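The stops below go from selection to selection.

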Amino acid sequence: MLENINPWLAALIVLICLLLSAFFSGSETALTAASRARIAALEKSGSRRAGIVMRLLAMRERLIGAMLIGNNIVNIGASAFATSVLVATFGDAGVIYATAAMSTLVIIFSEIMPKTAAIAKPDQAALLLARPVSWVVAVLGPLTLAIEWFVRRFLRLFGVRIDENLSILSASDELRGQVDLMHQEGSVKKSDRDMLGGLLDLEELGVEDVMIHRTKMRTINLDIGPEAIVREVLASPYTRMPLWRGKPENIVGILHAKDLLRALDAAGGDASKLDVAQTALAPWFVPVTTSLPDQLKAFLARKTHFALVVDEYGEVMGLVTLEDILEEIVGDIRDEHDIAVPGLRQQADGSVLVDGGVPIRDLNRAMDWDLPDEEATTIAGLVIHEARTIPDAGQAFTFHGYKFEVIRKSRNRVSSLRITPLALALAVTG
């Protein structure tokens, strides 16, 4: 039957399939790359096309599924039709001709070219293609849902269960992967990649992940007298100092350096006349289970930058500041009064000396590593978790692609380690 088809008609059918394939490829790229913020602004200004785009993005799984189904149908159809016609014309050699011709046409004109054009101006392309894409989704949407239902049931036979409400594609993971790829290609700087990663990670972190532990808190004993307190504040690089009485865990106030200076000025410069307890602010305690986004909102609502973190028993675990949260996004923030604490020192042989209390996230960001931080916050905690014991000085462990050697141990605390990438360690020993 196909051998009797007019060659021009056959070429027209293949051309239509290629154009439809280009439409599906370009539409998927444009709609997934379009800026939600700009499209939402256009929708508020009354743009109907922008409203369609926002509705399509709201059902992202169905959109992508419909585009993939449509694209595969026309690609397979075009290839099958071209192969049948060429086999009828050239015999068995027609299979080779059809494979070479259709692969070239599909890759160049139906994949690379439309996707490149769409990614160049994704917002304009999304608005232009919004209406026809909505028709395709309306037609293929039910088929997409049926296929997804079948996939979930089929995987269940092998013990793989997927929550019905779980999105198969994660927007944040896709965005993170795209930024990592662009960083590897050199189009995105490491600082920009880290900043975006910090934003995406913020929802998954709690105050415990960024707080200053109580063993590293700089506090002042309220009972040492006002003159000694003034000297302590002047010697401190911080503007806010927790005050304790009786025992360091009993925080009774937060002393701000500016408030102390005002009180000192009002007392005529005589520190002995100061009532430091009256000058201090009441401490603000927050539970350790507080997430970083919630704590950030609380800081903004209370117009304060400092909170003490307590566990379920009310014991002080540490302190968290607004700066700690911002540093998760923009990286380390230092001013002319900050003290550069020696926590990470890179060695000439490629290894790194690290204090045990250095957070894993800070080490990963500084060295561009990917050590896991799900089970431990500090690098010492990671070693103890992996070793399942408190190691002694001199012990070495290998995990996650790195060699960890304990340099110093103070009582039950790992205070210093040497970390060497495993590839480098093997090269040295080899």
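Which residue forms a salt bridge with Glu111? Select Lys115: the closest N and O atoms of the pair are 3.3 Å apart. A salt bridge here is a side-chain nitrogen of Lys or Arg within 4 Å of a carboxyl oxygen of Asp or Glu.

Before moving on, some ground rules. This is a predicted model, in which local features need pLDDT of at least 70 and side-chain atom pairs count only at pLDDT 80 or more, while totals for chains, interfaces and linings use all residues. Residues are numbered from 1 along each chain as its sequence is written, and side-chain values use heavy atoms, with hydrogens and water left out.

**Stop 1: helix H5**

Select residues 93–120, which make up helix H5. Helices (H or I, at least four residues) and strands (E, at least two) are DSSP runs, numbered from the N terminus. Glu111 and Lys115 both sit in H5, 4 residues apart, about one turn of the helix. Lys115 is partly exposed, at 32% relative accessible area. The scale is this: buried is under 20% relative accessible area, exposed is over 50%, and partly exposed lies in between (1.4 Å probe, protein chains only).

**Stop 2: the sheet with E1**

Next, show E1, E7, E6 and E5. In that order, these 4 strands form an open sheet with mixed pairing. Strands E1 (212–213) and E5 (285–287) are at the edges; each has a single partner strand, so one side of each lacks a neighbour in the sheet. Two strands pair if DSSP finds at least two bridges between them.

Zoom in on E6 (306–310) and E7 (316–321). They run antiparallel, joined by 5 bridges. Pick Val310; its bridge partner in E7 is Val316.

H13 (292–302) lies across E5, E6 and E7, at about 140° to E6. Axes are lines fitted to C-alpha atoms, for helices over the stretch in contact, and angles run from 0 to 180 degrees between N-to-C directions. Contact means heavy atoms within 4.5 Å.

**Stop 3: Asp324**

Stay in helix H14 and select Asp324. Is Asp324 buried or exposed? Its relative accessibility is 12%, so Asp324 counts as buried. The Asp324 side chain reaches the backbone nitrogen of Thr321 at 3.0 Å. Leaving aside residues up to four places away in sequence, Asp324 touches Val210, Ile212 and Leu319.

**Stop 4: the sheet with E3**

Display E2, E3 and E4. These 3 strands form another open sheet, in the order E2-E3-E4, with mixed pairing. E2 (220–221) and E4 (251–256) are the edge strands, each pairing on one side only. E3 (240–244) pairs with E4 in the antiparallel sense over 5 bridges. Met241 stands opposite Leu255 in E4.

**Stop 5**

How many salt bridges does the structure hold? There are 6. One of them joins the side chains of Asp223 and Arg245, at 3.2 Å, N to O. This pair links distant parts of the chain, 22 residues apart: Asp223 is in the loop between E2 and helix H10 (226–235), Arg245 in the loop between E3 and E4. Arg245 is partly exposed, at 40%.

Finish at Asp373 and Arg361, another salt bridge, with the closest N and O atoms 3.9 Å apart. Asp373 is in the loop between helix H15 (360–367) and helix H16 (379–387), whereas Arg361 is in H15. Asp373 is partly exposed, at 25%; Arg361 is buried, at 17%.

Key: A polar contact is a pair of N or O atoms within 3.5 Å; within protein, one must be able to donate a hydrogen and the other to accept it, and residues adjacent in sequence count only if both atoms are side-chain atoms.
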